[in-house]
Amino acid sequence: MWSWNSFTCWLTVVHSNVSMKGFMDFSASVFVGRNVNFKNMACLISHLLFTDAITWDVLSEVHLNENETTSSGRIYIKTIFLELAQMMGLPKQYEKICDPTLQHAFEGLFPRDNPAVIRFAINFFTLIGLGGLTVNLLNRRDSKRNQFGIYKMLTRLRPATNRLTANAYTSTIATSEPARPKMLTKVPGPRTNELKKQMEKHSSIVSVRCFVDFEKCYGNYLIDADGNQMLDIFTMISSLPLGYNHPDLVAATKTPEFITAAVSRPALGSYPRIDWGKHLENSLTAIAPKGLTANQTMLCGSSSNENAIKTAFIWYQTQKRGGAPPDEEHNRTSMLQIPPGSPQLSVMGFHGGLHGRTLALLSVTHSKPIHKVDMPVLDYPIGDYPRYKYPLEENKEYNDKQDRDCLADVEEKIEIWKKKGNDVAAVIVEPIQSEGGDHYGSPAFFQGLRNITKKHGIVFIVDEVQTGGGTTGEWWAHTHWNLDSPPDIVSFSKKLITGGYYYAEHLRIKEPQRIYNTWCGDPTKVLLLEAAVKAIKRDGLIEKNREVGKVFQTELKQLQSDFPDLLSRARGISTFAAVDLPTMALRDKLIAEATNNGLHCGGCGEKSLRFRPSLVYEKKHVDLTFELLRKTLKSL
């Protein structure tokens, strides 16, 4: 029996025949259960095969069947072939297996004559994600089933090729994080600049920071086109709940439901899948905010908020009609764009808020001029949103006055717009004004806002596109407010993977096609969300986020204390956080230099650095984040 130490000593023996005999003996010992050091050996064998340091004859002692193959033998085979798939790619691996000069080496793994053993091999390689290696076995099996198998083999040829390609893709996706960041070039690097030139021929590149090699990304690490490995605390603008290429989400894409939903995409408003209700129940309904069970899926945050506002308008006008649907006069005048069919109604947004960049939503978006300049807007009121001083505990009197003044401003503007004949039908607000600069409101402010909307019969919309998904330590950030009554609508997207909104039962619309478009969302995104929800609950990731968040907040405050001339207003809930720099230019310089040090991050508002890690962000990532920030701040 071989031990790992004795094998490494033996490896120094130069004579190749002795070496091959040693490998073969080791393989044989695994398959009778005598060797427990098989994983390391399997990895080594795969590397030596890839570099042609040994011949493929080493596999001739390996047998894959139900009777001879022990559990350790299966792991041994799995490890070798998965490692080879990573190194050489599945198509080249398949070519090697089909090489007529090597069939003696693969006979025990890819049998030709025994139907039961063929079936076992097909099932084994399919289960480990390498079903593409069994194309010949599938064709051989089919030919055994049908003496006129030529026709059947030809009709299977195209699907078999597709199986090979699909498995080649999944077998080359990264399955582990790098130990730490590794930077090969500045960002953007030469490869990204080359790709920019290529892309510019077809599309705009003015917002492109870098091109990403998504197959190599995993967990909390982004790998760009130049091979730079960066710890990512920005996560595709806060939209990856479980980081990159989480295995549960990758596995979800291999199911028949996902494939048919992607290939034959349903128009969900009219032709939902037969399993659509079940998937909604297992995803969106399973994490619904308190008091809200009904939901409507949409494509993105903008379409979610746009249709949430439409829902509010429809309800508001329906109340004016005593609960009746639109009559003939309403329908006729709507086509002329005059009242009563096209009423004068408005929605209140807030200074610093962002709810989308579609034309209508720009009338409630007030975060950055670049979003709004040159665009016509509707006559909608803009409310004041609190601007607190930090630390909160040292500025309570000032901050409490901010709450009172802002609530008074909201109520005053509701009255002003009503007198103008332009009723405020809805108020839309973010729990944290994320794009606008991570501005927070207190539970008292939001309870006051809820009281005002109830008093005036106004729909209260909470925009959780940025904040929903768990990184504030709760599925929904508005949970922290402890409202007496829930919001009327909660919109979502980003970390929820799909877009959409929850709504109270009294807002349910009875007429068809009023909230409608061709797709009404994307079922593949809901299937991914279902897998994500299951993983988050199974692994207790929101509970873990709270614990990691405590460490994060402590480190953020300490960092501010250590660099008082550069950092101020450290703030956040759990890992959803931000800190300010003196100027926008210095903030942007920090982001650029931190990225080049291996910490991929982003800004918000005028001069804030924002933190948006995923739910798989752990204490070791917190430690590395602040190590890289300290290094960067020292260089500014």
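A total of 27 salt bridges is found in the structure, which is a predicted model. Side chains of opposite charge can pair when their charged atoms come close, and a few of the pairs are worth a look one by one.

One of them joins Asp275 to Arg273 through their side chains, with an N to O distance of 2.9 Å. Both Asp275 and Arg273 are buried. Another pair sits within a single helix: Lys413 and Asp409 both belong to helix H18 (residues 396-419), where they are 4 residues apart, or about one turn of the helix. The closest N and O atoms of this salt bridge between Lys413 and Asp409 are 3.1 Å apart. Lys413 has a relative accessible area of 18%, so this residue is buried. Asp409 also counts as buried, because its relative accessibility is 11%.

Arg514 counts as partly exposed because its relative accessibility is 28%, and Glu511 counts as partly exposed because its value is 27%. Elsewhere, salt bridges with shared partners link Asp248, Arg538 and Asp539 into one network.

Attention now turns to the nonpolar residues. In soluble globular proteins, nonpolar side chains tend to be buried together. Here the largest nonpolar core has 58 residues, of which Leu242, Phe350, Phe445, Leu449 and Trp476 touch the most other members. Helix H20 (residues 523-538) supplies the largest share of this core, with 9 residues. For Leu449, contacts beyond the neighbours within four places in sequence are made with Phe350, Leu407, Val410, Val427, Val429 and Phe460.

Finally, a closer look at one serine is in order. Ser367 lies in the loop that runs between strand S4 (345-350) and helix H17 (369-372). Although placed in a loop, Ser367 is buried, because its relative accessible area is 17% and the cut-off for buried is under 20%. The side chain of Ser367 makes a polar contact of 3.1 Å with the side chain of His371. With neighbours within four places in sequence left aside, the residues in contact with Ser367 are Gly352, Gly353, Leu354, Glu435 and Gly436.

Conventions
Residues are numbered from 1 along each chain as its sequence is written. This is a predicted model: local features need pLDDT of at least 70, side-chain atom pairs count only at pLDDT 80 or more; totals for chains, interfaces and linings use all residues. Side-chain values use heavy atoms; hydrogens and water are left out. Helices (H or I, at least four residues) and strands (E, at least two) are DSSP runs, numbered from the N terminus. Buried means under 20% relative accessible area, exposed over 50%, partly exposed in between (1.4 Å probe, protein chains only). A polar contact is a pair of N or O atoms within 3.5 Å; within protein, one must be able to donate a hydrogen and the other to accept it, and residues adjacent in sequence count only if both atoms are side-chain atoms. Contact means heavy atoms within 4.5 Å. A salt bridge is a side-chain nitrogen of Lys or Arg within 4 Å of a carboxyl oxygen of Asp or Glu. A nonpolar core is a set of buried Ala, Val, Leu, Ile, Met, Phe, Trp, Tyr and Cys residues joined through side-chain atoms within 4.5 Å.
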